[in-house]
Amino acid sequence: MAGFTEVKSTRLILLFAASSVLLVGISIGSLLYLNYTMNKLSASLYNDVYQNSELILNADRDLYQAALALHTAMDGEITSEQRSQLSREFEENNAQARQRLGMVSHNVTSVKSTLNGMKQSGRLLEELKNTLDSFDGSFKTWSDTGRSLISQQVQSGSRPVPFPALQTNALLNGVREHLDKAEQLIDSYARQITLEFRNQKSSMFALYSLFLVLLVLVIIYLSRKLISLQNKMLEEKSLHQLIGETMSDFIILTDPDGVIMYASPSHASVLGYIPGKGSPLSNYIREAEIAWMKLTNVVQAATRISELRMRSAEGHWVWLETKITLIGGSQAVPAQFMLVSREITQRKQNEERLHKMAFYDHLTAIPNRAHFKMYMENLIGQPEEHRQAIALALLDCDRFKQLNDTLGHLAGDEFLQLLSRELLQTVKGFGQAFRIGGDEFAVVLHRFTTPQMLSEILDRLLQLFNQSWSIHQGASFHSTASIGVALYPQHGSNINELLRAADLAMYRSKKHGGNEVNLYSELIHEEYSEPPRP
């Protein structure tokens, strides 16, 4: 009878073990399938977000091109054929912007139908759709106004028609505000959908993990539970005594997966709270480098010092200099990581302030000459397989001294600020603009694929300068520019050689009366190798 009972017990144990293994296998398979499904849906939604962002950005560029065509068409000195061409460009760019926004609205409607149970993401998409719908009113006012102004200029012939630049720009800004808001909503939606997917995956993983842990605990409950609990209590007590509760530094102890096992009370004095035991450290820090799989590979026997940020109770980020040390464990307790930190927020703020002072122009807030040098060195220093074609354009305002002499230096400063903003917008996506002194700017272009594309960008720069600016309480100032261009590596292998070549080409543009773009060549070098400077 005893033997029968023993055999029966053995069979029950084997049956239970087999059932447990089967359930574990089914659970893991279901978990992997659900994870794959959610990742696939997430990737699809991210693709939609990227496409919609691109459409809105392109619509914004279309509106900018339409505005540029409108400003140029109002010039009384252009021919009727040129004005007709500009009128068509104005209409085509507006139509293209509206078409792109229609595609975004259609995409939003399609995406919304897939967000079952995601209320916050659905609310953001609804708000985005309302923003896109409200775009029509301001867009119609802008396009009708521009169309009316061009029509008046056509009827008047060569006689200039008063052009309300401020009112027109205000209408354009009103239209673009809808695009900016839509872009912000798309960004908020991307963050929200990431959070919701993460929460759903976390819940799913937590549920299955709990189920698997329960199965394992039932199997080993009688033989290991008491010993494991006793060893864990002794190890925790020993570690807490080792760290100490009264140290002034901020101390965190985590397991190999980055789950907090201990956080010192000193955190409360700076953060306003103590990180919770059992919570992932990634819930509190901003730096993605503290990914615990990477940390396990990097931090072995040596200590590592990192700078990271932790969110305070008030919502701002606190900079910490953190020493990360691997602590070897025992058979019962695995290795852990100890993070000992001190606050360096003030030091980081000072570093950021010095960086802005060193690399950004104080008047226009765009990158300065030092930033230009660093930017060029980085491009030229790229490995040959990743190196891009580079065009350096030097731009000099032809009539800036006249502006300072007639309206004063404050008006000159206002013009430079307006021009800098427009210049950054014009080269956005193609390169970077810099103010390198006075009314002289440098534009580094390295995102073009053909000479024709480069020529189009340079024409836009020339058109940007060749317009009337409303400054100094309504005063009008018409500007042009002399532009010289040098190519890397054709015209120079370093920054000084490229600047020299571009400067000679710019000097040739200025000698020809300005409002001209010249590409450096050997003929220019022979003719202007020693240009006199005023």
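Biologist: How far does helix 7 (residues 345–359) reach from its first C-alpha to its last?
Modeller: Helices here are DSSP runs of H or I with at least four residues, strands are runs of E with at least two, and both are numbered from the N terminus. Helix 7 has 15 residues, and the expected span is 1.5 Å times one less than the number of residues. The reach is close to that expected value, and comes out at 21 Å.

Biologist: What pLDDT do local features need?
Modeller: Residues are numbered from 1 along each chain as its sequence is written, and side-chain values use heavy atoms, with hydrogens and water left out. This is a predicted model, where totals for chains, interfaces and linings use all residues, side-chain atom pairs count only at pLDDT 80 or more, and local features need pLDDT of at least 70.

Biologist: Within what arc do the buried residues of helix 7 fall?
Modeller: Buried means under 20% relative accessible area, exposed over 50% and partly exposed in between, with a 1.4 Å probe and protein chains only. The buried ones in helix 7 are T345, K348 and F359. Take the directions from the helix axis to the C-beta atoms: these residues line one face of the helix, because seen down the axis they fall within an arc of 85°.

Biologist: How is the ring pair of F372 and F434 arranged?
Modeller: Rings of Phe, Tyr and Trp (its six-membered ring) pair if their centres lie within 6.5 Å; planes under 30 degrees apart are stacked, over 60 edge-to-face, and the rest tilted. The whole structure has six aromatic pairs. In this one the centres are 5.5 Å apart and the planes are at 70°, so the pair is edge-to-face.

Biologist: Is T426 buried or exposed?
Modeller: T426 belongs to helix 10 (residues 409–427). Leaving aside residues up to four places away in sequence, T426 touches Y64, R460, L461 and L464, where contact means heavy atoms within 4.5 Å. Its relative accessibility is 6%, so T426 counts as buried.

Biologist: Which element gives the largest share of the lining of the second largest pocket?
Modeller: On a 1 Å grid over the protein atoms alone, a pocket is an open set of points with protein on both sides within 12 Å along at least five of seven lines, and lining residues have an atom within 4 Å of a point. This pocket is lined by 29 residues, with Y64 among those nearest its centre. The largest share, 10 residues, comes from helix 4.

Key:
1 Å grid on protein atoms, 1.4 Å probe; cavity = no way out; pocket = protein on both sides within 12 Å on 5 of 7 lines; lining within 4 Å.
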